[in-house]
Amino acid sequence: MKFFVDTADVQEIRELNELGLLDGVTTNPSLILKSGRNIAEVTKEICDIVEGPVSAEVAATEYAEMMKEAAVLSKIADNICIKVPLTLDGLKACRALTSEGRMVNVTLCFSANQALLAAKAGATFISPFIGRLDDMAVDGMELIAEIRHIYDNYGFDTEILAASIRSTEHVKRAALIGADVATIPPATLKALVKHPLTDKGLEMFLADWAKTGQKIG
């Protein structure tokens, strides 16, 4: 499974990238707002840090304007992945952009039918929103499983990018089902390493090592 981080916080991205954990980054208008920075400036900085795809989202809702904004975003760096909403205009833009050789992330997916349309439009990534479905008392993981089944049925190349992840359990279940990518908030990504028995074991080993009076090197 590939790990993308879902943030526009350059410091967090740099830290996680130095750990060797990042395969890409996803941003959206809300994350750009939270960063307090100009979209072109902060996105360029992110692209310079991370080698993998960096999703930058169009703000337009109509096809022609989407294509204009996509042209601007594409010039930021070679690893830009244009993010479009799962609407008819968004799917039209997806087809046009992928035909030009651009990476496209189709976002705001909440049904298997939507994911099927995105794959037929040539999407590089489809982003089903797990957490937002959970908020509606719908198991978001069921959607991941349905999309995986459909894509495997027909050999679609579109990668399932599990989004709106709220917990480490979401990451585990998405991996078990077979999502290709998980885009994870920084705190949740860091929490994947945590286990109380790991902490307890390390504490014991360090205490015993101190009793030996030895040093390594």
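## Threonine 61 and its loop

Threonine 61 sits in the loop that runs between strand 3 (54–57) and helix 4; helices (H or I, at least four residues) and strands (E, at least two) are DSSP runs, numbered from the N terminus. This threonine is exposed, at a relative accessible area of 60%. For the cut-offs, buried is under 20% relative accessible area, exposed is over 50%, and partly exposed is in between (1.4 Å probe, protein chains only). Setting aside neighbours within four places in sequence, threonine 61 touches Met66 and Asp89, where contact means heavy atoms within 4.5 Å. Threonine 87 is 26 residues away from threonine 61 in sequence, with 8.4 Å between the two C-alpha atoms.

This is a predicted model, with local features needing pLDDT of at least 70 and side-chain atom pairs counting only at pLDDT 80 or more, while totals for chains, interfaces and linings use all residues. Residues are numbered from 1 along each chain as its sequence is written, and side-chain values use heavy atoms, leaving out hydrogens and water.

## The chain overall

The chain has eleven helices and eight strands. Its C-alpha atoms fill a box of roughly 70 × 40 × 30 Å along the principal axes. Of its 217 residues, 46% are buried. Take the contacts between residues at least 6 apart in sequence: 57% of them join residues at least 24 apart.

As for the surface, the accessible area comes to about 11600 Å², and carbon and sulfur atoms hold 55% of that. Accessible areas come from the Shrake-Rupley method with a 1.4 Å probe, and for residues only the protein chains shown count as cover.

Valine 25 belongs to strand 2 (residues 24–26) and is buried, at 0% relative accessibility. Beyond its neighbours within four places in sequence, valine 25 is in contact with Phe4, Val5, Thr7, Ile13, Ile46, Val50, Pro53, Val54 and Ser55. Threonine 43 is 18 residues away along the chain, and the C-alpha atoms of valine 25 and threonine 43 are separated by 9.8 Å.

Now the helix pair. Helix 1 (residues 10–18) packs with helix 3 (residues 39–49) at an angle of about 5°, the axes being 10 Å apart. The axes are lines fitted to C-alpha atoms, for helices over the stretch in contact, with angles from 0 to 180 degrees between N-to-C directions. Helix 1 brings Val10, Ile13, Arg14 and Asn17 to the contact, and helix 3 brings Val42, Glu45, Ile46 and Ile49. By class, that makes five nonpolar, one polar and two charged residues; Ala, Val, Leu, Ile, Met, Phe, Trp, Tyr, Cys and Pro count as nonpolar, Asp, Glu, Lys and Arg as charged, and the others, Gly among them, as polar.

## Two helices with a buried face

Helix 6 (residues 112–120) buries Ala112, Ala115, Ala118 and Ala119. Seen down the axis of helix 6, these buried residues fall within an arc of 115°, so they line one face; the arc is that of the directions from the helix axis to the C-beta atoms. They pack against helix 5 (88–99), strand 5 (103–109), strand 6 (125–128) and helix 8. On the face turned away from the buried side, helix 6 carries the exposed residues Asn113 and Lys120. Glycine 122 follows helix 6, with a positive phi near 90°.

In helix 9 (residues 168–177), the buried residues are His170, Val171 and Ala174. Down the axis of helix 9 they fall within an arc of 100°, so they too line one face of their helix. Their cover includes strand 1 (2–6), helix 7 (130–135), helix 8 (140–154), strand 7 (159–162) and strand 8 (181–184). Helix 9 is followed by glycine 178, with a positive phi near 110°.

## Loop residues worth a look

Alanine 137 is not a glycine, yet its phi is positive, near 65°. Alanine 137 lies in the loop between helix 7 and helix 8 and is exposed, with a relative accessible area of 74%. Serine 164, also not a glycine, has a positive phi of about 55°. Serine 164 is in the loop between strand 7 and helix 9 and is buried, at a relative accessible area of 13%.

Aspartate 78 is in the loop between helix 4 (63–74) and strand 4 (80–85), and is exposed at 82% relative accessibility. Aspartate 78 and phenylalanine 4 are 74 residues apart in sequence, with their C-alpha atoms 17 Å apart in space.
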